[in-house]
Amino acid sequence: MELNIIASSCDDGSAPSCGAGDTGAAASVRAALPAHIQKKIETHPCYSDQAHHHFARMHVAVAPACNIQCNYCNRKYDCSNESRPGVVSEVLQPEQALKKVKAVAAEIPQLSVLGIAGPGDALANAKRSFETFKLLSQETPDLKLCLSTNGLMLPPLIDELCAFNIDHVTITINCIDADIGQKIYPWIYWKNRRIRGRKAAKILIEQQLLGLSLLTERGVLVKVNTVLIPGINDHHVAELSKEIKKRGAFLHNLMPLIAEKEHGSYFGLMGQRAPSAEELEQAQQACGVDMKLMRHCRQCRADAVGMLNEDRGAEFSLDKIAEQDIDYKQAQVRRAAVQKDILNKLKPEYCESVHSNTEISSNSSRLIAVASKGQGLVNQHFGHATEFLLYRADADSVQLVGSRRVSAYCHGSENCDEQQDLLEQSIACLEGCEAVLCAKIGWGPWQKLEAAGIRPSSDHAMERIDAAVAAIYKELNQQQQTCAELSQLA
Ligand code: CLF
Ligand code: SF4
């Protein structure tokens, strides 16, 4: 049997087996994308799971206000539609945002996308958002522009939005049924009036769906985010996925609800629970029948800076960049060279991975965790990992299915057996995984992982993740087969 490694971002639209931008959708919906779409997503870390190993994004928090209320949101914090609740961003004026973007782009040449994702709603603050996009399109034209919105103001602002060459828009749509919507949105502010209950939800949903259609008709790539809320919209997301696909959405991103009591949101205070990892995966499977799914979202904050798995915002606060005078022309030259180099390296790697096949001996699927610092490699020490990427391998494919955050337990390179509580947390977060791949691991954690039924491996250190996962999948199958043969002999 053959194992095709499913990756994303391919150079050549002509290759039919290149599922560019494929973020782990079911095989039935994978198809070759036109070359111009591949071009749009090849450096976007959210739209291509391959790109997220290599390219960075940045948000500028220029949009403080919001025009709706979500029950999982407390306005003291950032918009939870696109951000992790519980953190507050430094709100910027457009000119300050431009200065910060130049500073970050000069320091992080892999920065490819600039997004506005709050801390409120980008289009509830249209003047500030558009002013920021205008400055950026003039002064930093080598950055892709991206926007995230609850969608209420999309239809009336569609022409202005498209005038800024914004290729990527995210709309958070949690349901297409107003009866469900009234359990999520207590009110909206619409045409100078506050509207409540079912009527509010109905207007919001109509505007979101109309906005989605208008954007896709204009060739904008639209990602739909849906906050998965057990008991409220979990039974409904597959129907939602069908509808957004019909309207041309490119990607669907199911985000688990985060509603802690201390965040002070209605759901948090009412004890609304978050979905379990299994419930999230089940919902992804139901939606994945129809839609390409994003499975590597980190629910980042409205002032996030860096690769998706890192948060370098604190390095670029206004006080730290105040004295900097960036020569952006010079920075642009370096950025172009670095990004070209990444893409050149990715092209052969990707096509090789797509076309390479590995003999395997079982049809069972296995969940494998990977500690990675980026670049698509198994290159992180187990004890330094703050998150693990989760891959599901089966007879046909290796697919990224998500990520889980942990606190890194090892703060010194010498002694990996310290801080047992955090080690226990790391092991607990790997529940359901059969193996964990990392660059290095101490003997203590190795034993604990084995005792928990998880096979640690540093044999594939610095290998490409997809190839390493395929290899460990094969090793686990062989091990299982050997055990079965031995037990028959006994
Ligand atoms: Fe930002 Fe969003 Fe654009 Fe990405 S984030 S506006 S599409 S550039 Fe990305 Fe962050 Fe998930 Fe958003 S990982 S929360 S999906
Ligand atoms: Fe909060 Fe965002 Fe919802 Fe507005 S759209 S209420 S900022 S989560």
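Modeller: Two strands pair if DSSP finds at least two bridges between them. Strands (E, at least two residues) and helices (H or I, at least four) are DSSP runs, numbered from the N terminus.

Biologist: And what kind of model is this?

Modeller: It's a predicted model, where local features need pLDDT of at least 70 and side-chain atom pairs count only at pLDDT 80 or more, while totals for chains, interfaces and linings use all residues. Residues are numbered from 1 along each chain as its sequence is written, chains are lettered from A and ligands numbered from 1 in the order in which they are written.

Biologist: How many helices and strands does that give?

Modeller: The protein has 14 helices and 18 strands. Eight of the strands make an open sheet with mixed pairing, in the order S11-S10-S9-S6-S5-S4-S2-S12.

Biologist: What makes S11 and S12 the edge strands?

Modeller: S11 (293-294) and S12 (305-306) each pair on one side only.

Biologist: How do you know that S6 and S9 count as a pair?

Modeller: Five bridges join S6 (residues 168-172) to S9 (residues 221-228), and the rule asks for at least two, so they pair. They run parallel, and His168 has Leu221 in S9 as its bridge partner. Helix H7 (residues 237-246) packs on this sheet, touching S9 and S10 (251-256). The direction of H7 makes about 170° with that of S9; such angles run from 0 to 180 degrees between N-to-C directions, using lines fitted to C-alpha atoms, for helices over the stretch in contact.

Biologist: Why is Val237 called buried?

Modeller: Buried means 20 or more other C-beta atoms within 10 Å of a residue's own, exposed means 12 or fewer, and partly exposed is in between, with C-beta atoms placed from the backbone. Val237 has 23 such atoms, so it is buried. Val237 sits in H7. Of the 490 residues of the protein, 49% count as buried.

Biologist: Which residues does Val237 touch?

Modeller: Contact means that C-beta atoms, placed from the backbone, lie within 7 Å. Not counting residues up to four places away in sequence, Val237 touches Thr226, Leu228, Leu254, Ala283, Ala286 and Cys287. Val237 and Cys287 are 50 residues apart in sequence, yet 6.7 Å apart in space, C-alpha to C-alpha.

Biologist: How do you know what span to expect for H6?

Modeller: Expected span is 1.5 Å times one less than the number of residues. H6 (residues 197-217) has 21 residues, and its 31 Å from first C-alpha to last is close to the expected 30 Å. Its buried residues include Leu204, Ile205 and Leu212. Just after H6, Gly219 takes a positive phi of about 85°.

Biologist: Where do S15 and S16 come in, and how many residues lie between them?

Modeller: They form a hairpin with three residues between them. Seven bridges join S15 (residues 387-393) to S16 (residues 397-405), and the cut-off is at least two, so this counts as a pair. The two run antiparallel, with Leu389 opposite Ser403. On S15 there's also S14 (residues 366-370), antiparallel over five bridges, with Arg366 opposite Ala393.

Definitions and conventions:
Contact = placed C-beta atoms within 7 Å.
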